[in-house]
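Hello,

Here is the structure we talked about. Please open it and keep it beside you while you read the notes below.

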Amino acid sequence: MCGRYAASRGAEDLAGIFEIEKWEPEETLEPDYNVAPTKEVHVVLDRPLKDAEDQRPVRQLRKLKWGLVPSWAKSPEGGARMINARAETVHEKPSYRRAFAVRRCIVPADGYYEWVPGTEERELEVGGKRKRPRKQPYFVTPADGSVFAMAGLYEFWRDRTLPDDHPLAWWATCSVITTEAERTPLAAAPAEGPRSLADIHPRMPLLLTPDRWDAWLDPARTDVDDLRALLAPPPAGLMRAYPVSTAVSNVRNNGPELLKELPAPEEGTLF
């Protein structure tokens, strides 16, 4: 899954990477090293500009809330639970299938965090004993330092309790698509630690390599089978994972120190 990630690149940097044609200064965000559900996040999307005579899709950098609210939802309360969509079923689930057909985006990140239970806690879990597990966080990121372009979906939801001109009348929200975690060796595995992403967690965000960006963002592509082909896992060996401080487990902590690599997992953890 993807429940927390880091996004430190600024709007100008992202504009260059993704060849953005339009972005508004008021929609830029500060670097965030501990992005959690319901936060505002940057996404890249292709969409005609509002009220423009030329209705061709324009590549934009937009600010959306993480946690998708379907257009037909009666309220936005379920958005916090809809941060991830499974690649295997995204084309058929009522909450996602329309967005999958016409409203796809890229969620830029440095990488994502995942937590692994400690050895003693894992043994207690296996034995059926209850104890809040102590977990070691890992940061998963492209080994070459490039942007982690996560496949995503976005939606618009209208709050019918507010007038049309109210600034909160429309909600723009998004979700990250996940797939099965790679079982092949990591590009740079730590001396003591997981050897593959599947050793950390069975799911991972779907990484889109640059050769798929244009096709994924193109709103004119609506054929389900064609789009599902774009959900194929990326080539193996592109990722690395390393242990980071448990400070990231508290969403109130936020800063570049959260990405600092530990020489080994903290004492008492699984690996």
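**What turned up**

Just after helix α1, E19 has a positive phi of about 55°. Keep in mind that this is a predicted model.

Now step back into α1 itself, residues 11–18. Which of its residues are buried? They are A11, L14, A15 and F18. These four sit on the same side of α1, because they cover an arc of only 105° around the axis. The face turned away from the buried side carries E12 and G16, both exposed.

What do the buried residues of α1 pack against? Their partners are β3, β4, β6 (104–109), β9 (148–158) and α4 (213–217).

Take β3 next, residues 40–47. This strand is mostly covered, with six of its eight residues buried. β3 pairs with β4 (residues 58–66). The sense is antiparallel, and there are eight bridges. Look for V41, which stands opposite L64 in β4.

Last, the cysteines. How many disulfides are there? The count is zero. A disulfide needs two cysteine sulfur atoms within 2.5 Å. For C105, the closest cysteine sulfur is in C174, 5.5 Å away, so that pair is too far apart for a bond. C105 counts as buried because its relative accessible area is 0%. C2 is buried too, at 0% relative accessibility.

Best wishes

How values were computed
Residues are numbered from 1 along each chain as its sequence is written. This is a predicted model: local features need pLDDT of at least 70, side-chain atom pairs count only at pLDDT 80 or more; totals for chains, interfaces and linings use all residues. Side-chain values use heavy atoms; hydrogens and water are left out. Buried means under 20% relative accessible area, exposed over 50%, partly exposed in between (1.4 Å probe, protein chains only). Helices (H or I, at least four residues) and strands (E, at least two) are DSSP runs, numbered from the N terminus. Two strands pair if DSSP finds at least two bridges between them. The arc is that of the directions from the helix axis to the C-beta atoms. Contact means heavy atoms within 4.5 Å.
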